[in-house]
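Morning, everyone. Please bring up the model on your screens, and we will walk through it together.

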Amino acid sequence: MRKALIVQGGWEGHQPKEVSELFRQTLEQEGFEVEVSDTLEAFADGEKLKQLDLIVPVWTMGRIEKELVKNVSEAVQSGVGIAGCHGGMCDAFRENVDWQFMTGGQWVAHPGNDLVEYVVNVKKGSSPLTDGIEDFTVHSEQYYLHVDPAIEVLATTRFPTVPGPHSPNGPVDMPVVWTKRWGLGRVYYNSLGHQANIIAMPSVTELMRRGFLWCAEGKQAAARLAGGASGQPAYSGMGDSQL
């Protein structure tokens with residue numbers, strides 16, 4: 001059975017417990033054995049982390065010891081997937097650049113706060129993770145992020161939606177959903193999810209479900225490729241071709 005660890009906490013305004021519960025339900029429906037922890041010490045055992053298939057951080061702001069980030073990073077580099085949303089992954093530990101490097105971005109602003117209606121534009125044909133998902137409208141925070149140029153962008157939103165000091169720069173398409181590689185591991189991020197009601201939207205639920213599965217499958221795909229490198233036949237399906 002595949003194993004997932006959800007670590008929830010940090011700023012309560014993002015409803016970490018409620019969001020974690022929705023994620024737990026999704027993962028268990030997909031056959032995962034899920035552990036939910038409310039302490040960052042869940043990252044203290046590096047060898048245990050490497051036995052997982054998926055790590056799901058739901059922890060906005062706060063501080064984390066460098067050694068704990070090192071443990072997570074090494075687990076992902078070994079093939080464990082990491083997937084998360086909103087501030088729970090990309091506004092988790094503002095002082096830790098290693099976390100930002102691994103996850104692919106960092107929140108810097110949400111002009112208009114939680115009062116903005118905007119469109120999420122899904123990139124058609126860029127990835128099977130978005131197959132059949134149409135553009136949709138969200139009434140929530142619209143995240144402006146600083147992002148890693150290495151990410152593969154799967155969905156965007158257009159700025160500016162509300163006026164602000166960023167407006168004179170003209171229109172920009174800000175990534176909303178992306179994937180990234182970290183060593184042998186797969187990274188998935190979705191900037192939606194200010195509170196649990198946004199995660200519960202059908203399109204968002206499905207995007208997260210697919211992201212969880214894709215990240216978790218990366219561990220087996222990496223193992224198959226390693227087997228091919230050691231003289232065993234390498235798997236050549238779609239999942240591995242995207243490693």
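Let's start inside. The model is predicted, so please keep that in mind throughout. The largest cavity has a lining made of H14, V19, V58, T60, C85, H86, G87, G88 and G193. Two elements each give two or more residues to that lining: β3, residues 54-60, and α4, residues 86-90. Which element gives the most? That is α4, with three residues.

How many cavities reach 30 Å³ or more? The count is one.

Now step back to the whole chain. Eight helices and eleven strands make up its list of elements. The C-alpha atoms fill a box of roughly 55 × 40 × 30 Å along the principal axes.

Next, burial and contacts. Of the 243 residues, 52% are buried. Take the contacts between residues at least 6 apart in sequence: 72% of them join residues at least 24 apart.

Now some single residues. Find Q8 in strand β1, residues 3-10. Buried or exposed? Q8 has a relative accessible area of 8%, under the 20% cut-off, so it counts as buried. Leaving out residues up to four places away in sequence, Q8 touches P16, K17, S20, V36, S37, D38, V58 and W59. One of these, V58, also lines the largest cavity.

Move on to I133. It sits in the loop between β6, residues 116-122, and β7, residues 136-140. I133 is in a loop, yet it is buried, at 7% relative accessibility. Its contacts, again beyond four places in sequence, are V122, K124, E206, L207 and R210. Where is H166 relative to I133? The two are 33 residues apart along the chain, and their C-alpha atoms are separated by 30 Å.

Compare L115. This one is in the loop between β5, residues 105-109, and β6. L115 has 71% relative accessibility, over the 50% cut-off, so it counts as exposed. Beyond four places in sequence, L115 touches H139 and S140. From L115 to G170 is 55 residues along the chain, with 21 Å between the C-alpha atoms.

Last, the backbone. At 45% relative accessibility, N113 is partly exposed.

Q15 also has a positive phi, about 50°, and is not a glycine. Look for Q15 in the loop between β1 and α1, residues 16-29. Q15 is partly exposed too, with a relative accessible area of 23%.

One more stop. Which residues does a cis peptide bond join? They are F159 and P160, with omega about -5°. P160 belongs to the loop between β9, residues 152-159, and β10, residues 172-182.

That's the tour. Thanks, and over to you.

How values were computed. Residues are numbered from 1 along each chain as its sequence is written. This is a predicted model: local features need pLDDT of at least 70, side-chain atom pairs count only at pLDDT 80 or more; totals for chains, interfaces and linings use all residues. Side-chain values use heavy atoms; hydrogens and water are left out. Helices (H or I, at least four residues) and strands (E, at least two) are DSSP runs, numbered from the N terminus. Buried means under 20% relative accessible area, exposed over 50%, partly exposed in between (1.4 Å probe, protein chains only). Contact means heavy atoms within 4.5 Å. On a 1 Å grid over the protein atoms alone, a cavity is a set of points where a 1.4 Å probe fits but cannot get out, and a pocket is an open set with protein on both sides within 12 Å along at least five of seven lines; lining residues have an atom within 4 Å of a point. Grid points are joined across faces, edges and corners, and a volume is the space filled by probe spheres set on the points.
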